[in-house]
Amino acid sequence: MEQLGLPRDLFLGMPVLSLQGNRFLCIENHRGILQAGREKIVVAAKPWGIEVAGRELSIVRFTKDYMEITGYLEHISFLL
Amino acid sequence: MILWLVRFMRGFLELKLWGRNCERFLNLCANRGIATWRLSVSETGEVFASIYLSDFYRLRPLLRKTRVRLRIEKRAGLPFLVHRYRKRVVFAGTLLAMMVCVAFLSTRIWRIEVLGNSAIGEDAVLEYLKQKGITYGIGRDDIDNDGLELSLRQDFDQVIWASVYEKGTKLVVRIQEKLAAEKETNVSQTPCTDLVAKTDAVIYSIVTRGGIPLVKAEDTVKAGDILVCGRQEILDDNGEVKEYYYQSADADILGISTLSYTDRISLQRVVTKPSGKSHDRYFLRFMGYRFTTPKLYGDFDCSETIEETNQLCLPGSFYLPVYVGRIRETEQLQQIEQVTMEQAKEEALSHFSRFLSDLEENGVRIIDKNVMIEKEKDNYHIYGRLKVCEDITERVPTEIKEAPAPKENEEE
């Protein structure tokens with residue numbers, strides 16, 4: 001894949017995370033919401049889930065493969 | 001902004017969801033292309049989310065499948081507004097007509113602003129634009145800005161730079177004028193001229209550039225005396241005039257002359273003071289029609305009327321051809337006041353200062369001044385004399401003389 005120069009997110013279905021400071025997180029290629037709460041949001045993704053912890057979290061946009069999370073982000077971890 | 005507009009036009013619902021499988025419900029929504037936004041979870045575990053109105057009826061099978069319950073918390077958007085005001089057709093029609101009207105008016109020019117002019121009056125520019133067909137109500141696309149800039153520069157000698165552009169429904173004409181216009185002289189029209197004294201004076205200084213000077217400094221001259229002659233005699237060997245050479249006399253001649261000053265200030269004067277009573281009326285002017293509120297009060301004996309007009313303007317220089325204004329009529333009380341000597345002196349001094357400043361603006365230097373004030377029967381008389389140094393020349397055509405006929409040779 002690296003030798004061919006192909007994008008991983010398209011061919012392996014890996015999520016793409018874009019972070020703006022600690023206030024805004026955009027996740028592309030997700031597989032759905034596993035858990036939604038004010039202090040923790042768990043998002044399903046391939047191959048691992050993504051756990052976002054913080055305060056006053058909310059999902060401002062949610063579509064099939066795209067979501068935006070705002071709030072005070074404190075911790076982002078992968079659920080291996 | 002665009003997203004907000006789309007949501008408003010389509011209409012949207014704010015839902016409250018509760019149940020054990022809210023996350024699954026949201027995932028199913030996403031998989032079926034039902035967009036959701038503003039998802040938040042309350043402390044009690046209820047999920048709040050917004051969806052488009054058109055997607056609401058697609059939720060039923062998903063609700064059954066996930067056993068999630070929902071409640072509509074808020075309805076918003078155009079479909080709900082239309083539904084709410086469905087019986088107010090006239091209101092909606094008026095609103096629509098207004099929007100169409102404003103959209104139409106926004107394509108026209110309703111205000112013309114002229115900037116940067118000082119020598120050329122605003123009225124002259126507006127009149128010129130009118131001749132070019134550019135007046136209030138013209139379409140924005142009908143104005144050839146580049147062509148107008150060029151014609152402004154060509155048709156007004158004073159204009160050295162012009163810029164024409166639209167700002168909202170306002171046409172801005174910005175011009176730059178020459179700093180100092182060249183004085184027009186009539187030298188070219190009358191090539192042979194003399195300089196004569198326009199007043200009795202004593203010559204203070206004389207600098208001649210053309211012509212024959214007939215006076216020198218400290219000479220006394222009377223009004224009409226020729227100071228510099230444009231006719232020059234060319235003598236032959238015998239010292240007699242052979243012919244005349246004509247040119248335009250040109251010189252700077254300063255002379256000391258005396259000016260008399262007189263002024264009269266009446267012993268009585270009428271003073272008007274506002275009584276504090278005023279009546280207001282309002283008007284609306286649209287496309288040449290003017291509607292004024294009726295006059296509900298009697299006329300004042302003596303009054304002052306001030307009319308304030310404002311053009312209706314929406315944000316972004318969007319001027320409309322609608323003018324609103326107020327007509328304020330204020331009652332004035334007239335009182336006849338006796339003028340004291342002190343007041344008269346003060347007023348006389350003010351008049352005299354204005355007179356002096358006018359003289360100085362015209363290049364007259366004041367050397368000495370002596371002014372008196374005395375009380376007469378009906379007024380105060382102010383009189384005096386000023387000694388001034390000024391340009392005393394006046395241009396007159398040179399007297400043309402016939403060249404003497406050549407004398408016959410004595411030997412013949």
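Visitor: How many residues does the contact take from chain A and from chain B?
Guide: This is a predicted model, in which local features need pLDDT of at least 70 and side-chain atom pairs count only at pLDDT 80 or more, while totals for chains, interfaces and linings use all residues. Residues are numbered from 1 along each chain as its sequence is written, and chains are lettered from A and ligands numbered from 1 in the order in which they are written. Two residues are in contact if their C-beta atoms, placed from the backbone, lie within 7 Å. Chain A gives 14 residues and chain B gives 14 residues.

Visitor: Which elements give two or more residues to the side of chain A that touches chain B?
Guide: Strands are DSSP runs of E, at least two residues, numbered from the N terminus. The elements are strand 3 (32-36) and strand 5 (49-62) of chain A.

Visitor: In what sense do strand 5 of chain A and strand 2 of chain B pair?
Guide: Pairing requires that DSSP finds at least two bridges between the strands. F62(A) stands opposite T36(B) in strand 2 of chain B. Over 3 bridges, strand 5 of chain A and strand 2 (residues 36-41) of chain B pair in the antiparallel sense.

Visitor: With which residues is L26(B) in contact, leaving aside its neighbours within four places in sequence?
Guide: L26(B) is among the residues with the most contacts inside the largest nonpolar core, which has 30 residues. Such a core is a set of buried (20 or more other C-beta atoms within 10 Å of the residue's own) Ala, Val, Leu, Ile, Met, Phe, Trp, Tyr and Cys residues joined through C-beta atoms within 7 Å. With those neighbours left aside, L26(B) is in contact with I33(A), F62(A) and T36(B).

Terms used: Helices (H or I, at least four residues) and strands (E, at least two) are DSSP runs, numbered from the N terminus. A residue is buried if 20 or more other C-beta atoms lie within 10 Å of its own, exposed if 12 or fewer, and partly exposed in between; C-beta atoms are placed from the backbone.
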